[in-house]
Amino acid sequence: MNRTTLSLIAAATALAAVTGFASLSAPADAETTAAATVARLPVERTSQLCPAPSVSDVAETTYTSVTPTGKGGADSEPAADAGGSAELKESTVTLAEPGGTDDDKDDKKEEEKQDDAAKGSASDGKPFVTLKEPGTPVSAESSGANSPALVGTATGRFAPGWTTQQTTTVSVGGARGLLGMTCTAPDTDFWFPGASTERSRQDYVHLTNPDDTVAIADIELYGPDGALKSETGEGIPVPARSSVPVLLSTLTSEAAPNVTVHVSTRAGRVGAAVRAADEAGGSDWLTASGTPAGSVVLPGIPADATDVRLVALATGSADADLKVQLATPDGTITPAGHESLHVKSQMTAALELGDITKGEPGSLVLTPSGSAAPVVAALRVVRGKGEKREIAFIPATAPIVSRATVADNRAKGSTLSLTAPGAAAKVKVTSSPGTEGGEATVETYDVKARSTLAVTPKVPAGLKGAYALTVEPESGGPVHAARTLALPEDGIAMFTVQTLPDDRGTVSVPRAKEDLSILDNGK
């Protein structure tokens with residue numbers, strides 16, 4: 001076998017372990033003769049981006065970061081002596097000025113605070129959160145309006161499944177609420193159904209660039225009648241290792257209560273998330289919907305939800321007719337009066353579901369009633385009433401393939417929702433040690449077919465600080481998951497919901513079973 005062929009195979013394997021993708025093609029006769037299998041290897045490098053958490057002077061933010069232990073779907077665990085690190089660093093925060101007109105005093109105050117944040121944040125990229133050992137979370141805190149965005153990289157044994165939770169409490173003001181999100185990986189395409197350009201909402205899309213070169217982003221807005229007119233959403237520069245917040249209402253003159261935001265990049269890559277603030281209902285992060293699909297699941301609607309709104313968009317050229325169902329603890333039902341939703345191509349549709357859960361936890365399942373067309377979707381969920389209202393968002397999320405982790409669980413206030421939209425499933429849930437001490441615990445749960453199981457996770461023995469939850473399906477059908485963190489304050493049911501997509505901690509690479517000299521084609 002010649003050295004070139006060997007080098008190509010080695011290069012493909014190394015590339016896959018780092019990036020999560022590799023492709024290697026063999027000649028047709030080699031494919032029919034050589035038997036090959038696929039090996040699952042732990043990734044060796046991963047990135048995370050956390051947007052600037054708040055512009056409130058009274059904001060209190062906690063970052064909790066962890067890399068889970070175990071195989072996580074790989075053929076073997078990372079070697080204990082594999083080395084590596086996981087670290088989040090401060091980035092530069094810059095204020096975007098995309099144009100448009102908005103003379104609202106609150107907007108000006110927001111811009112002034114973002115300017116202050118840009119001047120006060122560190123540009124030297126000093127470490128902010130650093131992991132010490134896989135399996136044990138660490139936390140760091142920040143307060144006030146000048147907390148910067150964070151960018152970070154994990155390598156070696158810290159890379160597979162690395163996750164960070166950003167949790168911010170704002171007790172007063174227009175941005176009041178519990179804002180939570182799992183810091184995102186950089187990408188080139190994001191969909192956010194559930195945003196708004198109404199005067200009662202202040203929605204900012206945060207674009208964070210982890211790389212050393214400028215990224216160029218486009219922001220498109222879709223309302224009930226299609227794309228909203230905008231002359232300022234194209235070609236937004238995001239400087240290297242910086243974060244840019246863009247107020248959606250400055251991109252268009254049209255006020256729409258339900259908007260889908262599409263972020264794409266024409267150069268580079270970014271992390272993206274929408275910080276939504278409702279003057280009558282608090283605030284929270286709206287994270288991206290999963291990859292557009294014909295059927296989607298939105299897991300983790302709290303039992304005491306007082307108002308639920310579904311927002312969806314058909315991303316392709318075809319309309320989507322969706323069957324709407326609720327997966328409850330006792331099975332899947334069709335809510336009376338809300339049996340279906342017609343979603344026109346590239347138009348945002350909304351369905352008011354009210355108090356759909358009726359005192360029981362649930363998850364929304366959308367399936368095509370005819371030909372499947374790709375859709376994205378999210379729920380705006382309200383707890384409480386009147387001045388005690390509090391909002392959160394639940395985007396559609398894919399099932400967990402091997403493993404998923406959510407950090408920053410407290411001794412009280414966490415609820416884990418597990419949804420099996422098809423066949424029944426068995427799921428292992430590991431509670432990690434706390435950030436300041438404790439011992440990991442493991443529980444196994446059986447989720448009935450076509451149902452949602454909501455549980456209070458078992459707290460680690462001797463817990464001190466916050467802990468992480470790792471969910472691993474063991475058998476049965478697909479499982480979708482979400483975690484609700486409830487931290488009530490002054491009679492307000494403050495809460496936030498994070499979905500748990502697969503952590504993509506492993507990658508498939510070709511593994512030859514026979515002598516590869518056949519690839520020489522006799523040379």
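Trainee: What should I know before I start clicking on residues?

Mentor: Residues are numbered from 1 along each chain as its sequence is written. The model is predicted, so local features need pLDDT of at least 70, side-chain atom pairs count only at pLDDT 80 or more, and totals for chains, interfaces and linings use all residues, while side-chain values use heavy atoms, with hydrogens and water left out.

Trainee: How many helices and strands does the chain have?

Mentor: Helices (H or I, at least four residues) and strands (E, at least two) are DSSP runs, numbered from the N terminus. Here you get 3 helices and 39 strands.

Trainee: And what share of the residues count as buried?

Mentor: Buried means under 20% relative accessible area, exposed over 50%, and partly exposed in between, using a 1.4 Å probe and protein chains only. Of the 523 residues in this chain, 53% count as buried.

Trainee: How do I read a nonpolar core, and which residues have the most contacts inside the largest one?

Mentor: A core is a set of buried Ala, Val, Leu, Ile, Met, Phe, Trp, Tyr and Cys residues joined through side-chain atoms within 4.5 Å. The largest has 31 residues, and Leu298, Leu310, Leu364, Leu366 and Leu379 have the most contacts inside it. Strand β21 (residues 305-314) gives the largest share of this core, 5 residues. Apart from it lies another core of 29 residues, including Phe192 and Val382.

Trainee: Which residues does Leu364 touch?

Mentor: A contact means heavy atoms within 4.5 Å. Not counting residues up to four places away in sequence, the partners of Leu364 include Val296, Leu310, Leu353 and Leu379.

Trainee: Now strand pairing. How do I read that around β27?

Mentor: Strands of a sheet pair through backbone hydrogen bonds, either parallel or antiparallel. Two strands pair if DSSP finds at least two bridges between them. β21 and β27 pair in the antiparallel sense over 9 bridges, with Val376 in β27 as the bridge partner of Leu313. β27 also pairs with β28 (residues 390-395), again antiparallel, over 6 bridges; there Leu379 has Ile394 as its bridge partner. β27 and β28 form a hairpin with 6 residues between them, and Gly384 in the turn has a positive phi of about 80 degrees.

Trainee: Are the faces of β27 covered or open?

Mentor: In a regular strand the side chains alternate between the two faces of the sheet. Both faces of β27 are covered: Leu379 and Arg383 are among the buried residues on one side, Arg380 and Val382 among those on the other.

Trainee: Is Ala159 buried or exposed?

Mentor: Ala159 sits in the loop between β8 (150-155) and β9 (163-170), yet is buried, with a relative accessible area of 1%. Its contacts include Val43, Glu44 and Arg45. The C-alpha atoms of Ala159 and Pro42 are separated by 8.0 Å, although the two are 117 residues apart along the chain.
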